[in-house]
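Subject: Structure handover and notes

Hello,

Here is the structure for your files. My notes on it follow below.

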Amino acid sequence: MIEVKNLVKRYGTFSAVNNISFEAAPGEIVGLLGPNGAGKTTTMRILTGFMPPSEGSVKVEGFDVLENSMEVRRRVGYMPERVPVYLDMTVHGYLTFWAKLRGMKQPNTQVNQMLERFSLGDRRNKLVRSLSKGLRQRLGLAQALVHNPPVVILDEPTIGIDPQQVIEVRETVRALRENHTVLFSSHILSEVEQVCDRVIIIHKGKIMASGTPQQLAKKYKPGVHLYVSLSGRSQSEIRALLESLPKVDNVREQAAGFVLSSRTDADLRADVSSIIAKHQLTLLEMRLVEVTLEDIFLNIVDKR
Ligand SMILES: Nc1ncnc2c1ncn2[C@@H]1O[C@H](COP(=O)(O)OP(=O)(O)O)[C@@H](O)[C@H]1O
Ligand SMILES: [Mg+2]
């Protein structure tokens with residue numbers, strides 16, 4: 001469980017995080033989505049007790065990050081944006097080091113389990129410096145999970161690794177869902193949509209929107225969107241015909257056709273078909289357009 005209330009973080013006079021509040025419950029993967037500089041890393045560092053808030057309260061599993069930082073550290077697994085690498089430690093030594101920092105006295109069993117789980121067993125005695133970027137990322141995940149924390153905080157864990165490794169990381173995160181509260185940050189919209197149950201969109205240190213991807217779609221881009229591509233007349237004539245349809249509120253050019261939008265849930269396909277028949281046009285393509293998180297994101301961020 002994560003509870004953030006009216007969190008503010010100032011660097012000098014600049015507010016990197018400006019009065020944000022949110023909660024994350026067990027069994028939930030919450031995505032912190034925002035462009036570079038939005039305040040994701042700052043928020044996560046505060047949540048892990050890495051640095052203090054300027055204002056507001058932050059609790060993890062009921063413990064305040066300022067008042068009970070050791071209790072918080074025991075309960076949080078954190079994978080920072082850049083996995084800190086202690087190049088001259090062995091893989092086994094690195095995990096043991098982190099487990100002890102989180103208050104584990106005899107971490108050997110758990111360390112071995114992590115080596116097994118992340119297929120690092122055959123490298124246990126290798127130096128961290130000998131690992132590839134992808135393997136270091138796996139080690140970073142193992143480090144975050146070694147003390148079996150109920151709360152897991154992952155700061156852009158898929159940055160800079162290859163596509164196959166991205167898939168592995170996403171699967172690992174999805175698998176955590178059952179027994180953990182997960183906060184996952186990314187600036188990649190499609191990734192957040194795939195991985196997270198709920199999304200918090202932050203921009204310039206403020207929460208702009210939050211909800212499930214479906215809720216956001218409904219709220220910020222309601223209605224129906226249909227892509228049609230027609231031939232038989234000039235594009236401007238076709239556009240005018242489409243705009244003349246009573247249920248169509250907006251026509252936007254896209255690729256070789258147009259996206260029609262209706263604020264109501266009206267089915268526009270019959271209306272388009274009647275235009276095709278009446279004006280002897282040829283239908284090249286017609287499909288419903290899914291509202292993506294990207295549309296919503298641009299919609300929200302553009303307006304402010
Ligand atoms: N230590 C710092 N000192 C001054 N400004 C900082 C510091 N860390 C981050 N910032 C600024 O705070 C803002 C938020 O940064 P950050 O939390 O890293 O965003 P994100 O992780 O979303 O990219 C940015 O404008 C960044 O330049
Ligand atoms: Mg960041």
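How many of the eight residues of α1 are buried? Seven of the eight are, so helix α1 is largely enclosed by the rest of the structure. Before the details, please bear in mind that this is a predicted model.

Confidence

The mean pLDDT of the chain is 91, and 98% of the residues reach at least 70. Taken by element, strand β1 (residues 2–11) has the highest mean pLDDT, at 98. The lowest belongs to helix α11 (residues 293–303), at 70.

Domains

The chain is divided into two domains: domain 1 covers 2–211 and domain 2 covers 222–290. Their centres, taken over C-alpha atoms, are separated by 45 Å.

Ligand 1 and helix α1

The shell around ligand 1 consists of Tyr-11, Ala-16, Gly-34, Asn-36, Gly-37, Ala-38, Gly-39, Lys-40, Thr-41 and Thr-42. By class, six of these residues are polar, three are nonpolar and one is charged. Helix α1 (residues 40–47) gives the most to this shell, with three residues.

Lys-40, Thr-41 and Thr-42 are also among the buried residues of α1, together with Thr-43, Met-44, Ile-46 and Leu-47. After the helix comes Gly-49, with a positive phi near 80 degrees.

The antiparallel sheet

Four strands make up an open sheet with antiparallel pairing, in the order β2-β1-β4-β5. Its edge strands are β2 and β5 (63–64), each of which pairs on one side only.

Strand β1 pairs with strand β2 (residues 14–24) in the antiparallel sense, over eight bridges. Within this pairing, Val-8 has Asn-18 in β2 as its bridge partner. The two strands form a hairpin with two residues between them, and there Gly-12 takes a positive phi near 65 degrees.

Strand β1 is also joined to strand β4 (residues 55–60), by five bridges and again antiparallel. In that pairing Glu-3 stands opposite Lys-59 in β4.

Strand β7 (residues 151–155) has five of its five residues buried, so it is largely enclosed by the rest of the structure. In a regular strand the side chains alternate between the two faces of the sheet. For β7, both faces are covered: Val-151, Ile-153 and Asp-155 are buried on one side, and Val-152 and Leu-154 on the other.

Which strands pair with β7? One is strand β6 (residues 76–79), which pairs with β7 in the parallel sense over four bridges. Here Val-76 stands opposite Val-151. Another is strand β8 (residues 181–186), which runs parallel to β7 and is joined to it by five bridges. In that pair Asp-155 stands opposite Ser-185. With helix α6 (residues 163–176) between them in the unit, β7 and β8 make a right-handed β-α-β arrangement.

Single residues

Most residues other than glycine have a negative phi.

Asn-6 has a positive phi, near 50 degrees, and is not a glycine. Asn-6 is found in strand β1. Is Asn-6 buried, exposed or partly exposed? Asn-6 is partly exposed, because 13 other C-beta atoms lie within 10 Å.

Gln-280 likewise is not a glycine and has a positive phi, of about 50 degrees. Gln-280 is placed in the loop between α10 (269–278) and β14 (282–288). With 8 other C-beta atoms within 10 Å, Gln-280 is exposed.

Cys-196 is in a loop as well, the one between α7 (189–195) and β9 (198–203). Cys-196 is buried, because 25 other C-beta atoms lie within 10 Å. Val-173 is 23 residues from Cys-196 in sequence, and the C-alpha to C-alpha distance between the two is 9.2 Å.

Regards

Note on methods:
Residues numbered from 1 in each chain as written. Chains lettered and ligands numbered in written order. pLDDT = per-residue confidence, 0-100. Near = placed C-beta within 6 Å. Nonpolar A, V, L, I, M, F, W, Y, C, P; charged D, E, K, R; others polar. Domains from an automatic or database assignment. Buried ≥ 20, exposed ≤ 12 C-beta atoms within 10 Å, placed from the backbone. Pairing = 2+ DSSP bridges. Right-handed = clockwise from strand over helix to strand, strands pointing away.
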